[in-house]
Amino acid sequence: MESNSVAYGASLAGAGFDLIKFIKQPQTITRFLSWVFSIVVFASITAEGYVNGPNQPDVKCVFNGNDGVCRYGVGIGVIAFLACVAFLLADALLPSMSSAQERKYVVLADLGFSGIWTFLWFVCFCLTADQWMKTLNTAGIPTDGVHAVIAFSFFSLASWGALTYFALVRFRQGVGDVGRSYADPPTDITSPYAPATDIPSTYVPSTYPSFQNTGPDVYQQPPFNPNPDPSDQNRYQPPVY
C-alpha cells in the first residue's frame with residue numbers, strides 16, 4: 001500500500017524511487033525542456049553568433065555588433081544547462097532525504113534559482129530582440145541562428161517561470177504539512193508557572209531515628225549559689241596526668 005504522506009512535494013523517506021513516476025512528473029518534463037532550450041541558445045550563439053564583415057578581420061556579434069549580448073546569452077545558457085542537471089539529480093534524491101530541513105533547503109534553492117533565471121531569460125529575450133531590430137547590415141548573417149536564439153530565449157522564459165511555480169507549490173505544501181502535524185501543548189492560564197513534576201504524590205516519613213534528650217544537659221550551668229563555700233575556692237587540686 002502506497003503512503004500518501006509527503007513532505008515538500010516528495011514521499012517520505014523509505015518509499016523508494018519510482019523512475020516512471022519521476023519521469024512523468026510535470027516538473028521533470030519542464031526541467032528537461034529547459035535543459036534543451038539552454039543548449040539551443042548557447043550553442044546557436046557559439047556556432048553562428050559571431051561573423052566578420054567583408055572589410056573587418058575581427059569577428060563581431062550578430063546582434064548589432066554588441067559582443068556583450070552574445071556573452072550574456074552564452075553565460076546564462078551554460079549556467080542554466082548545469083543547473084538543470086543539478087536540480088534533476090536533486091529531484092531524484094529528494095525522496096531519500098529523511099530530514100525535512102534538508103528538503104526545505106533544496107526546495108528553497110530551486111525556488112530562488114528558478115525565479116532569478118526567469119528574470120534573466122526575460123532580459124535575454126528583450127536584449128536579443130532589441131539588438132537584432134537595430135542591426136542594419138544583415139548580409140552574411142545566418143538569420144536562422146538569430147531567430148533560434150530569440151525564440152528559445154522566450155521558451156526558456158516560459159519554462160523557468162513554470163519551474164518557479166512548481167517550486168513555490170512544493171514549498172507551500174511542505175509548510176502546510178509541518179503546520180498540520182505540529183500543535184503547541186496547552187498552557188495553564190490559571191497559573192503563570194509550570195507545575196512541578198518531580199514532587200512525590202505521597203509523603204514518605206524519614207527512616208532516621210529522631211534525637212531524644214533523655215539525660216541532663218551537660219552544657220547547662222549550675223544554679224546560682226548565694227552562699228558559696230570559701231574552703232572550696234581555696235582548695236587546690238593538682239591535675240591528673
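**Cysteines and salt bridges, step by step**

Modeller: Searching the whole structure turns up 1 disulfide. Keep in mind that this is a predicted model.

Biologist: What makes Cys61 and Cys70 a disulfide?

Modeller: Their S to S distance is 1.8 Å. The cut-off is within 2.5 Å, so the pair counts as a disulfide.

Biologist: Which hand does the link of Cys61 and Cys70 have?

Modeller: Right-handed, with 75 degrees about the S-S bond.

Biologist: Are Cys61 and Cys70 buried or exposed?

Modeller: Cys61 is buried, and Cys70 is buried too.

Biologist: Where is the nearest cysteine sulfur to Cys126?

Modeller: It belongs to Cys124, 9.4 Å away. A disulfide needs sulfurs within 2.5 Å, so Cys126 is in no disulfide.

Biologist: Why is Cys126 called partly exposed?

Modeller: Its relative accessible area is 34%. Buried means under 20% and exposed over 50%, so Cys126 falls in between.

Biologist: And why does Cys84 count as buried?

Modeller: Cys84 has 0% relative accessibility. That is under 20%, so the word is buried.

Biologist: Now the charges. How many salt bridges does the structure hold?

Modeller: There are 5 salt bridges.

Biologist: What makes Asp91 and Arg31 a salt bridge?

Modeller: Their closest N and O atoms are 3.1 Å apart. The limit is within 4 Å, so the pair qualifies.

Biologist: Which parts of the chain does that pair of Asp91 and Arg31 link?

Modeller: Distant ones: Asp91 sits in helix α3 (residues 67-93) and Arg31 in helix α2 (residues 26-48), 60 residues apart.

Biologist: Why do Asp91 and Arg31 count as buried?

Modeller: Asp91 has 8% relative accessibility. Arg31 has 0%. Both values are under 20%, so both residues are buried.

Biologist: How do you know that Asp91 and Arg170 form a salt bridge?

Modeller: The N to O distance is 3.5 Å. That is within 4 Å, so the pair counts. Arg170 lies in helix α5 (residues 143-181) and Asp91 in helix α3, so their bridge ties together parts 79 residues apart in sequence. Arg170 is buried, as is Asp91.

Biologist: What makes Lys134 and Asp130 a salt bridge?

Modeller: Their closest N and O atoms are 3.4 Å apart. With a limit of 4 Å, the pair therefore qualifies.

Biologist: Why are Lys134 and Asp130 called partly exposed?

Modeller: Lys134 is at 47% relative accessibility. Asp130 has a relative accessible area of 32%. Both values lie between 20% and 50%, so both residues are partly exposed.

Biologist: Which residues do salt bridges that share partners join into one network?

Modeller: Arg31, Asp91, Asp110 and Arg170.

Technical notes. Residues numbered from 1 in each chain as written. Predicted model: local features only at pLDDT ≥ 70, side-chain atom pairs only at ≥ 80, totals over all residues. Heavy atoms only, no water. Buried < 20%, exposed > 50% of the residue type's maximum accessible area, 1.4 Å probe, protein only. Salt bridge = Lys/Arg side-chain N within 4 Å of Asp/Glu carboxyl O. Helix = DSSP H or I, 4+ residues; strand = E, 2+ residues; numbered from the N terminus.
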